[in-house]
Amino acid sequence: MLTADRIIVPLDVPTFAAAIALVETLPDVSFWKVGLELFVSSGPEILAELKQRQKRIFLDLKFHDIPNTVAGACRSAAQYDVDLLTIHATAGRRALQDAQAALSEATEPPKLIAITLLTSLSSRDLAFDLKVPVELPQFTLEMALMAKECGLAGAVCSPHEAKQIKQLCGQDFLLVCPGVRPHTISVTGDQKRTMTPADAIKSGADYLVIGRPITAAEDPVAAFARICEELGT
């Protein structure tokens with residue numbers, strides 16, 4: 001796989017028109033993330049347009065509901081021919097199993113990956129706000145392991161947890177890592193557990209989700225090219 005193909009750029013924009021403008025600004029980006037904001041505003045139309053342009057799609061809707069509901073949502077999402085689909089591991093073992101089973105009914109299902117813990121959350125948030133009496137690295141490891149046991153293809157995690165998860169879950173367990181910032185970027189925004197692209201890959205990340213360092217750059221094309229160069233493309 002080309003290193004550039006391991007970079008997933010989020011379409012974190014509010015409208016279909018803004019999304020297409022960004023896609024056309026960055027023609028060399030092959031993998032795009034569609035999250036809640038854009039999908040709620042545009043629906044499947046944006047997915048169909050990206051497929052027509054031969055782009056890969058990470059449909060990041062982070063399903064989190066009772067087992068029957070997430071299974072139905074996954075069954076519906078399978079028709080969109082996306083590559084990756086997310087569910088919160090904290091929905092529980094039964095929900096993960098039912099979601100994976102629902103996708104298995106499709107001819108070409110997306111790979112289902114579990115959100116271990118949002119990268120906007122810190123150890124303090126986990127302990128004091130969510131009242132989880134487990135250290136953050138151990139919590140994410142347990143969530144990833146449960147996802148693997150339920151037959152999921154991988155997990156979303158901070159690059160800081162990637163190495164340990166790979167060691168426990170195996171090299172074939174897919175890891176998608178947000179919270180990735182080039183070494184030239186000092187502002188982390190709402191991401192609290194960050195790492196440079198090169199270090200994230202070394203730690204075991206299969207895909208890097210990199211948004212604002214590219215999309216909010218003065219020259220997005222040059223910013224994307226610099227990151228690819230940093231990764232040795």
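Modeller: Helix H1 (residues 16-25) and helix H3 (residues 44-52) have axes that come within 10 Å and cross at roughly 20°. H1 is therefore roughly parallel to H3 (angles under 35 degrees count as such). Axes are lines fitted to C-alpha atoms over the stretch in contact, with angles from 0 to 180 degrees between N-to-C directions. Helices (at least four residues) and strands (at least two) are DSSP runs numbered from the N terminus. The contact (heavy atoms within 4.5 Å) is made by Phe16, Ala19, Ile20 and Val23 of H1 and by Glu45, Ile46, Glu49 and Leu50 of H3.

This is a predicted model, in which local features need pLDDT of at least 70 and side-chain atom pairs pLDDT 80 or more, while totals for chains, interfaces and linings use all residues. Residues are numbered from 1 along each chain as its sequence is written, and side-chain values use heavy atoms, without hydrogens and water.

An unreviewed UniProt entry lists Lys62 under "active site"; such annotations may be inferred rather than shown by experiment. Lys62 sits in strand E3 (residues 56-63) and is partly exposed, at 25% relative accessible area (buried is under 20%, exposed over 50%, partly exposed in between, with a 1.4 Å probe and protein chains only). Beyond four places in sequence, Lys62 contacts Thr86, Ile87, His88, Ile115 and Leu118.

Lys166, in helix H8 (residues 159-169), is buried at 5%. Its contacts beyond four places in sequence are Gln171, Phe173, Leu175, Gly204 and Asp206, and the Lys166 side chain reaches the backbone oxygen of Gln171 at 2.8 Å.

Methods:
Parallel < 35°, antiparallel > 145°, perpendicular 65-115°, else oblique. Polar contact = N/O pair within 3.5 Å; in protein donor to acceptor, adjacent residues only side chain to side chain.
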